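Take a look at the model below.

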Amino acid sequence: MSQQTVLVIDDERDIRELLTITLGRMDLKVDAVGTVAEARQALSERSYDLCFTDMRLPDGSGQEIIELIAAEHDETPVAMITAYGNVDAAVTALKAGAFDFVSKPVDIQMLRRLVRTALKLAEEKRTGGGASPAASSSSERLIGDSSAMQQVRNTITKLARNQAPVYIAGESGVGKELVARLIHEQGPRASGPFVPVNCGAIPSELMESEFFGHRKGSFTGAVADKEGLFQAAHGGTLFLDEVAELPLHMQVKLLRAIQEKAVRPIGAREEIAVDVRILSATHKNLAALVEQGQFRQDLFYRINVIELRVPPLRERRGDVPLLADFVLRQLAAKSGGGTPVRLLPEARQALEDYDFPGNVRELENILERSVAMCDGDRIEPSDLMLPQRPTRQGAEAAVSAHSAHHAQPAYAAAHSPSATPAVQTPSSELPLDDYISNLERSAIMKALEESRYNKTAAARKLGITFRALRYKLKKLGID
C-alpha cells in the first residue's frame, strides 16, 4: 500500500513543523504550505488523503480551502485549525463541509485520533465501501418508499461521512434513535460504541456523575471509580435523546465538554480527553426554548450544526402498509416464528386513514395489541381499537363512530372519553399512549372489581378474550 499523504496549510511555522513531525511519526507523508495560493497549487498537482487548514491565512481564509475541497476533491476530508475557544469558526467550518476541527494549542493525542478516523473515512470514500454490514440495511430498518423517507436515507448517508454534530428533530415516536444509529453505523466510527442516553431520565443531581464519571470517595456513596457516558462513548458516538430536558447548569458543562473534547470526572484533578461524535434529538422545539431562555443559545448553536428532520407518519401515509407488514413479521418472529398475522383490507384502510399522533411507536403498540386480541390469524378493524377521533374521512367518520357506539362491546365503549369523565383527556402534558393506558386500566379494574377478580368473568364483561385480558394485565402491570 502506498504511503498516505496529508496537506497542512498554516502560516505559522511552529504549527507546520509540529504537524509535520507528528504526522510523519504516523508514517504519513506531509506537504506543508503557508498560503491559499500555495494550497491551490498543491491540490491541483496531487490528491491528498487528508487536509488541515488554518482559519486565517495571509491571502485568504481556510473557508476558501474547505469550499474548494468540497467542490473539487470531495473524497478528501478536511479539518479546520481554530484558535482556542473559537466555537463560531469551528461551527462555520463544519457547516461548510469540514470533517472536524482541532484547536490551538494542538493536543497531540487528540490529533492522532482525528487523523485515524479521517483516514478511515477517506479510504471508505475511495473504495465506496461501508463501515459496517449494518450500513447496507438502512432501507431495511428505516421502512418506507415515500419521497420523504428516501430523502432522510440519502441525508443519513451524507451525514455519516463527516463528524459535524447533528440535531435530529421530529415528533415522539418517529424513530429518531434509529436515525442516529444509522448515522453512526454508516460512518467511520461504526466499530466504536454507540451510547444512547435519555437526558430526561437522569435525575438532575446525578447528571454530572452520569455524563463525566467520578472518582472513588469524591462524594458520599462514591465507593469506586465510575466511568461516565462520554468515556463510554470514546471512539464512537454519544446520542443525547431529549436534550431539551437538560437543566441549565448541565448545559454549561456539556457545552464545555463538547468544545474542549475533554471531561473532568467529579473528584479528579485532570481532564480526560474524549473522542466522541455528538448526535442529539428532542421532540420539542429547541429554537423556541432558546427564545424563552430555557435552553442556552451557545449550546444550541454547537449541537445544531446540521439539522435533520424526521417526518411524522401522517406526512407519509403511503408507508403505513409497509411498516405494518414489517411490524407483523417482527411480532411473528418474536413469538417463535410461523406465519405472521395478516391485516384484512378494511383494517389496513383504517390504519391508513388514522393520523397516528404517536407515529411509528403508536403503530407498533396498536399492532402488538391487535395480534394479542384478534381471533385466528387475521386482524379486523375492531381488533385495532383505534381511538374514536376524526380521521381523513372527516365528519362522516365521526358520525359513523358515534352511531356505532351502542353496538360496541363494553371494553370499546370504555375507551370513549365521555364514558370515563374522571380520566384526564390527551394534552401536551399527557401523551396519547399514557392517556389510552389510563383508560384501559380504569376499564379493566372496574370489570375486575365487579366480577370479584374472576379474570374469565372480567374478560367476558369487557367483551374480549381471556388471552387478550391476560396480555393487557401484563402490559399495564396490573397484578
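Which residue in E2 stands opposite Leu7? Leu7 faces Asp31 in E2.

## Basis of the model

The model is predicted: local features need pLDDT of at least 70, side-chain atom pairs count only at pLDDT 80 or more, and totals for chains, interfaces and linings use all residues. Residues are numbered from 1 along each chain as its sequence is written, and side-chain values use heavy atoms, with hydrogens and water left out.

## The sheet

Five-strand order first. The open sheet of 5 strands runs E2-E1-E3-E6-E7, with parallel pairing. Its edge strands are E2 (29-33) and E7 (100-103), and each pairs on one side only. From one strand to the next, the twist averages 20 degrees. Strands (E, at least two residues) and helices (H or I, at least four) are DSSP runs, numbered from the N terminus. Pairing requires that DSSP finds at least two bridges between two strands. In general, strands of a sheet pair through backbone hydrogen bonds, either parallel or antiparallel.

Strand E1 (residues 5-9) runs parallel to E2, and 5 bridges join them. Helix H3 (residues 62-72) packs on the sheet. H3 touches E1, E3 (50-54) and E6 (78-82), where contact means heavy atoms within 4.5 Å. The direction of H3 makes about 155 degrees with that of E3. Axes are lines fitted to C-alpha atoms, for helices over the stretch in contact, and angles run from 0 to 180 degrees between N-to-C directions.

## The H21 and H22 pair

Helix H21 (residues 455-462) packs against helix H22 (residues 466-476) at an angle of about 100 degrees. Their axes are 9 Å apart. H21 is therefore roughly perpendicular to H22, a label for angles of 65 to 115 degrees.

On the H21 side, the contact holds Lys455, Thr456, Ala458, Ala459 and Leu462. H22 contributes Phe466, Leu469 and Leu473. The residues of this contact divide into 6 nonpolar, 1 polar and 1 charged. Ala, Val, Leu, Ile, Met, Phe, Trp, Tyr, Cys and Pro count as nonpolar, Asp, Glu, Lys and Arg as charged, and the others, Gly among them, as polar.

Lys261 has a phi near 55 degrees, a positive value in a residue other than glycine. Lys261 is found in the loop between helix H11 (248-260) and strand E11 (262-263). With a relative accessible area of 14%, Lys261 is buried (under 20% relative accessible area, 1.4 Å probe, protein chains only).

Phe356 is not a glycine either, yet its phi is positive, at about 50 degrees. The loop between helix H15 (345-353) and helix H16 (359-373) holds Phe356. Phe356 counts as buried because its relative accessibility is 1%.

Terms used:
Parallel < 35°, antiparallel > 145°, perpendicular 65-115°, else oblique. Buried < 20%, exposed > 50% of the residue type's maximum accessible area, 1.4 Å probe, protein only.
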